[in-house]
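Subject: A structure for you to look at

Hi,

Here is the structure I promised to pass on to you. Have a look at it first, and then read on for what turned up.

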Number of protein chains: 2
Amino acid sequence: MGNCLVAQSGGPTAVINASLAGVMRANQLNPLYDRVLGGIHGIEGVLAGKLYDLTDVPADEIEILKQTPSSALGTCRYKLKRGQDEDFKRLMAVMDEHDIDVMFYIGGNDSMDTVDALSEWAAQTGSSKRFVGIPKTVDNDLVPPDHCPGFPSAAKLANLVTHGTKLDYDAYTRPEVFVLETMGRDAGWLAASCCLSGDVDLLVLPEVDFDRDGFLSRVQAKMDAQGSCYIVVSEGAHYANGGYLSAGESANDGFAHAVLGGAALTLKQMIVDAGIAPRGVVQDLSRAARSSNFAQSKVDVTEAYELGLSAHGRSADPAFTAQVVGVKRTSGADGAYCAECFAGPASEFANYVKAFPKDWILKDYQGVTGEALDYFRPLVAGEPNIIYGDAGVPLTVKPYNLR
Amino acid sequence: MGNCLVAQSGGPTAVINASLAGVMRANQLNPLYDRVLGGIHGIEGVLAGKLYDLTDVPADEIEILKQTPSSALGTCRYKLKRGQDEDFKRLMAVMDEHDIDVMFYIGGNDSMDTVDALSEWAAQTGSSKRFVGIPKTVDNDLVPPDHCPGFPSAAKLANLVTHGTKLDYDAYTRPEVFVLETMGRDAGWLAASCCLSGDVDLLVLPEVDFDRDGFLSRVQAKMDAQGSCYIVVSEGAHYANGGYLSAGESANDGFAHAVLGGAALTLKQMIVDAGIAPRGVVQDLSRAARSSNFAQSKVDVTEAYELGLSAHGRSADPAFTAQVVGVKRTSGADGAYCAECFAGPASEFANYVKAFPKDWILKDYQGVTGEALDYFRPLVAGEPNIIYGDAGVPLTVKPYNLR
């Protein structure tokens, strides 16, 4: 019986540690491996031989780990690509040195591509080492699962902030616009999810080329009709020529105003310059949305944890490699939301971006369809039973990734 | 038996509606007044005769109101000043018209000044109308209470976001700085409270004149020692000449870089330009920190509600006018935190700004003393039992201030 390795990669989420906890706890319940070794700072630390033994972490600490945001093992932006033979050899040497048979890699589509590439390399070199992916991303842009751990909690927080700031905005009488910016460079899932709150007047997504005049006329119409306009924009919103809104107006339409900062700031300035409103408020959720432990979705924590359990359990099959586990949506007898775990080829999870469906987008920035809301609604539901410390804040584990 | 009026003013908070709920519920338990009338959009709507009858709002809706962020009656930025006789006469006429004996005004120091001015005017003109203040502010800058409703919940959210984003920041290995900006134009209470999380490396407050070179040398020292530097800055941080950091560097030290945006963006750019770190992350809490219902402090909701009860009950005394209720800190038998309500002259609450104490500030931007942490700790403690809706998000009441 050999050991297994687990590591995290890409941007942290509110529940990426729940998937880690799933792998750790699964091996305590069913010790398929002698040791569960954590790779520090993703593939980068693994290549440097930085490992941390997670085998005997007590069950109560694993419970706290499930509610700890961010990546307890640290993360990296290093992408292992096909053809980097030196890195591949080095990784295999580290795995040999520590008697590691299976590596679990928790990450986004780049990481799933790494799982695919490593599996391919192992097959080509006759190695019996195996590689299994566990997906995460707040962007929700992975194919083929119904949704991806990390997204539901980010969507929940985005909804709560949307509703809170909308109430704040509505308390005033003075004319101004409100622009909320969410993460989402290639896909607008997170921005679109804000519509669940019922508070969004206009929605700007990367899936629709931004049209300045058309947008401004819609802002004007909302201001005329109701004296207010609450706008949500995805950071990846862009013009037809591909230029991001976040790059500022001047780069794209020849206007004189150089705008630093994000897409929301650009939209606010554009509206003010057009004379539609004398001022505006910008709220950028930035990292606060992805690493919160005060708005975890219970569905999300549960699924992230279960994908960890599933990946570990399925790896008992010596043929299980180059595979990624994911969530499939099903319905209970009463039509209630249910989730099933499935496994599919890593190649199908990697290298694709699942855009927010065009037929769920209402025209003229008017938001999303009822079908989209039906998709989002069950994902944000429920609160986990958070364990609080003496200071009245949720307990978290000390990261295993000391800098 | 006449009626009473209640209105909200200034920036919304997470618990300003709990004080409103207190006044409303108190009159159901002890009907000192025939009707409880809500003034829409503060003094602005009251002057326009916009009132909303709150007398018979059901108890279960009042419970939801307690957990609804922002100002359910709307707010305004209109300040009623001494000498505005037309406004004063108009207000008295509205009160006469609606048989209003007492006005409860929930707001910050400007609003407490309004309470004082109106009481003074009534005394001078022989009117028996009375005016009572209930304080709120996320800035915590009111004299003389120990602290002010709205601040503890804002501090709790600021702490949770600090801890979550610090964990997120620490997950990476690449050299960068992190700068979190909080509200607080004149006083640094909210920024200082972030130190409770134990995650703050450097703290920049309005109470200490900003020294660019001294600050940068501390950032350099942190980067050298630990490879990271987590900075919290109050929006009101300023240079010795009074120029705000948020106005950008160029306005203050002759540097070439014009910086749009807030204090955090300025600090980040300053650090990058100085070559201390190649990049930085900025997180501006902005309005998300003051109008959240997902991180209310139980202490805060309780005290805000009780101040509403207290103001209403004390107003049974026909001599009770020009007074504001507030929270005094006491200790239980075991040294545990206790709060008592007191009432004091509105003039003492108005027109002063309570700065964060200088002797609680560590030198060289190193944070705050243990005494400061002892002050903050009990305030953020505890979570109210939030009532959730079917969609898994906290229920809120529909604002009474339709635009």
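Let's start with a term you will need: a polar contact is a pair of N or O atoms within 3.5 Å, and within protein one of them must be able to donate a hydrogen and the other to accept it. Please keep in mind that this is a predicted model.

With that term in hand, how many residue pairs are in polar contact between chain B and chain A? The count is 30, with both residues of each pair at pLDDT 80 or more. On the chain B side that touches chain A, the elements giving two or more residues are α6 (151-170) and β9 (280-284). Of that side, α6(B) provides the largest share, with eleven residues. Sorted by type, the residues there are 25 nonpolar, 23 polar and 13 charged.

As for the interface as a whole, 61 residues of chain B are in contact with 61 residues of chain A. The two chains bury about 4,800 Å² between them, and 55% of this is on carbon and sulfur atoms. Six salt bridges are found across the interface. You can look up a salt bridge between the side chains of Asp168(A) and Arg290(B), at 2.7 Å from N to O.

Now for a pair of helices inside chain A. The axes of α8 (residues 212-226) and α10 (residues 263-273) of chain A come within 11 Å and cross at roughly 70°, so α8(A) and α10(A) are roughly perpendicular to each other. Arg212(A), Phe215(A), Leu216(A) and Val219(A) of α8(A) make the contact with Leu267(A), Met270(A) and Ile271(A) of α10(A). Six of these residues are nonpolar, none is polar and one is charged.

Enjoy exploring!

Best wishes

How values were computed:
Residues numbered from 1 in each chain as written. Chains lettered and ligands numbered in written order. Heavy atoms only, no water. Contact = heavy atoms within 4.5 Å. Buried area = accessible area lost by both parts, 1.4 Å probe. Salt bridge = Lys/Arg side-chain N within 4 Å of Asp/Glu carboxyl O. Polar contact = N/O pair within 3.5 Å; in protein donor to acceptor, adjacent residues only side chain to side chain. Helix = DSSP H or I, 4+ residues; strand = E, 2+ residues; numbered from the N terminus. Nonpolar A, V, L, I, M, F, W, Y, C, P; charged D, E, K, R; others polar. Axes fitted to C-alpha atoms, helices over the stretch in contact; angles between N-to-C directions. Parallel < 35°, antiparallel > 145°, perpendicular 65-115°, else oblique.
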